[in-house]
Every structure is written in structure tokens, then in C-alpha cells.
Amino acid sequence: MLVVDRDEEALNFARAVLEDCGAEVETVFSITEALKAMQRLNPDVLVSEIGLPMADGNDLLRQVRSISGCAKIPAVAFTAYGRVEARVRALRSGFQLRLPKPIDPAELVAAVASLVISN
């Protein structure tokens with residue numbers, strides 16, 4: 001699993017929660033790092049903050065979908081932006097789920113598990 005966020009605390013939190021459930025997790029801070037990691041790891045699930053530097057998580061997902069073998073990777077977006085428009089945009093960009101920040105550990109685990117099971 002790959003988790004992308006600009007906030008180190010959020011990355012560490014997501015990693016701890018997911019690793020406690022047995023997931024193998026890699027974390028990165030930027031779209032550039034995420035694209036390199038996608039090609040190297042071919043993860044089962046992508047979890048990404050929407051508000052990334054230089055471009056947003058929606059842009060990241062569009063680029064990930066163009067990588068060979070990653071076109072159908074399940075993806076979860078999380079963001080502090082609570083507006084309906086942000087949620088709709090994330091879902092239209094191809095994220096299967098959107099979670100609000102601060103991240104609720106149970107919600108994160110349930111979201112990732114549902115995507116792994118359905119994939």
C-alpha cells in the first residue's frame with residue numbers, strides 16, 4: 001500500500017494504523033515520489049491526501065492511472081476540505097472513497113479493507 005501526504009504526522013499516523021492491521025505500507029510526501037513508488041511497488045491500494053504540493057491528489061491519481069499495471073488500482077482520498085464539491089471532484093477523478101481529516105483509524109482501516117476485498 002502507498003500512502004501520500006505532505007504532512008509527516010499524518011503519514012506516520014496512517015502507517016501505524018495500517019501496519020497494526022498487517023498491511024505493508026510505504027509513505028511518500030510528493031507526487032513525484034508517489035509516481036516513482038507506484039512503478040517500483042505496484043501497490044494494492046493508493047491512499048492520498050488531496051491537498052498535495054505542486055499539484056493535487058486528483059492530478060496524482062490521473063497520472064497513476066496512466067502507468068502500465070496501475071490503471072485500476074483502488075484509491076482512497078483524504079482531505080481536510082469538507083465541501084461537497086471537493087468530495088465530488090475526488091470521486092469523479094477516480095477515487096473510490098473519500099475520508100475526512102483528521103483521519104479516523106477505524107474509518108481508514110474499513111475503507112482500505114473494503115477496497116482490498118472488492119479488488
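Colleague: What makes helix α5 the element that gives the most to the lining of the largest pocket?

Modeller: Helix α5, residues 105–118, supplies 4 residues of that lining. A lining residue has an atom within 4 Å of a pocket point; a pocket is an open set of points on a 1 Å grid over the protein atoms alone, where a 1.4 Å probe fits, with protein on both sides within 12 Å along at least five of seven lines. The lining includes V109, V112, A113 and V116, as well as M1, L18 and D44. Do remember that this is a predicted model, where local features need pLDDT of at least 70 and side-chain atom pairs count only at 80 or more, while totals for chains, interfaces and linings use all residues. Residues are numbered from 1 along each chain as its sequence is written, and side-chain values use heavy atoms, leaving out hydrogens and water.

Colleague: Why is α2 said to have its buried residues on one face?

Modeller: Let's start with the residues themselves: I31, A34, L35, A37 and M38 of α2 are buried, that is, under 20% relative accessible area with a 1.4 Å probe and protein chains only. Seen down the axis of α2, they fall within an arc of 165°, so they line one face of the helix. That arc is taken from the directions from the helix axis to the C-beta atoms. On the other side of α2, T32, K36, Q39 and R40 are exposed, a word kept for values over 50%.

Colleague: And what covers the buried residues of α2?

Modeller: The cover includes β1, β2 (26–28), β3 (46–49) and α3. Helices here are DSSP runs of H or I with at least four residues, and strands are E runs of at least two.

Colleague: Why is M54 called exposed, and N42 partly exposed?

Modeller: M54 has a relative accessible area of 90%, so it is exposed. N42 has 45%, which falls between the two cut-offs and is therefore called partly exposed.

Colleague: What makes the phi of N42 worth a look?

Modeller: Phi of N42 is near 50°, a positive value in a residue other than glycine. Most residues other than glycine have a negative phi. N42 sits in the loop between α2 and β3. M54 also has a positive phi, near 75°, and M54 lies in the loop between β3 and α3.

Colleague: How do you know that the peptide bond between K101 and P102 is cis?

Modeller: Its omega is about 0°. You will find P102 in the loop between β5 (97–100) and α5.

Definitions and conventions
Contact means heavy atoms within 4.5 Å.
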